[in-house]
Amino acid sequence: MDASDVMRRYLMLSVIFLGGGGAAAWLMSTAGVLTESTPEAADIAQGEDLYREYCAACHGADLEGQPDWRSAGPDGVLPAPPHDETGHTWHHPDGVLFDYTKLGGKAALALQGVEFESGMPGFGDQLSDAEIWNIIAYIQSTWPERQRAIQAERSADQRQQEGN
């Protein structure tokens, strides 16, 4: 491998890392379009029941997601990701999780000017806001302490940026 190959690889990795960081920062800063803040209390038991009814068919009964969830299918749509600690759900603040669930992936991102083909449907016409929050609370209740703490900090940062 010569110096130009090394430089090419370095540049490619730099673009990937910077792009990923930029996307994460954008998601953090634009979250919560539809919500003012998370509720003070949630019904985790109801959230679990609703998760099983509305979410488990795609995201798995044990929150494990679909196989190869990081690779788009032939239609260009990513499979449903896991909601356990192995996935990326805990990387997003509460507002992103709420908006994505209520509106669906494509519509939630379209509000931010991002065109993205998502397989995530919106559930705003089937679930109340409180029910969506209960599902989110159930999912969060299954994460190890480290993931819960990181996600809670990101949600607090989001609320502070929005002035809530």
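Trainee: Which residues does Ile-136 touch, not counting those up to four places away in sequence?

Mentor: Leu-97 and Phe-98. Touching, or contact, means heavy atoms within 4.5 Å. A word on the ground rules: this is a predicted model, where local features need pLDDT of at least 70, side-chain atom pairs count only at pLDDT 80 or more, and totals for chains, interfaces and linings use all residues. Residues are numbered from 1 along each chain as its sequence is written, and side-chain values use heavy atoms, with hydrogens and water left out.

Trainee: Which residues touch the most other members of the largest nonpolar core?

Mentor: Tyr-51, Leu-127, Ile-135, Ile-136 and Ile-139, out of 17 residues in that core. The term covers buried Ala, Val, Leu, Ile, Met, Phe, Trp, Tyr and Cys residues joined through side-chain atoms within 4.5 Å. Helix 2 (44-54), helix 4 and helix 6 (129-141) each supply at least two residues, and helix 6 gives the most, with six. Helices here are DSSP runs (H or I, at least four residues), numbered from the N terminus.

Trainee: How do you know what length to expect of helix 6?

Mentor: The expected span is 1.5 Å times one less than the number of residues. Helix 6 has 13 residues and reaches 18 Å from its first C-alpha to its last, close to the expected 18 Å. Its buried residues pack against helix 2, helix 4 and helix 7.

Trainee: What makes the link between the side chains of His-88 and His-92 a polar contact?

Mentor: The distance is 3.1 Å. The rule asks for a pair of N or O atoms within 3.5 Å; within protein, one must be able to donate a hydrogen and the other to accept it, and residues adjacent in sequence count only if both atoms are side-chain atoms.

Trainee: Why does Asp-84 have no salt bridge?

Mentor: A salt bridge needs a side-chain nitrogen of Lys or Arg within 4 Å of a carboxyl oxygen of Asp or Glu. For the buried Asp-84, the nearest side chain of opposite charge, Arg-70, is 8.8 Å away, so there is no salt bridge. Lys and Arg count as positive, Asp and Glu as negative; His and the chain ends are not counted. The side chain of Asp-84 does make a polar contact with that of Thr-86, at 2.5 Å.

Technical notes:
Buried means under 20% relative accessible area, exposed over 50%, partly exposed in between (1.4 Å probe, protein chains only).
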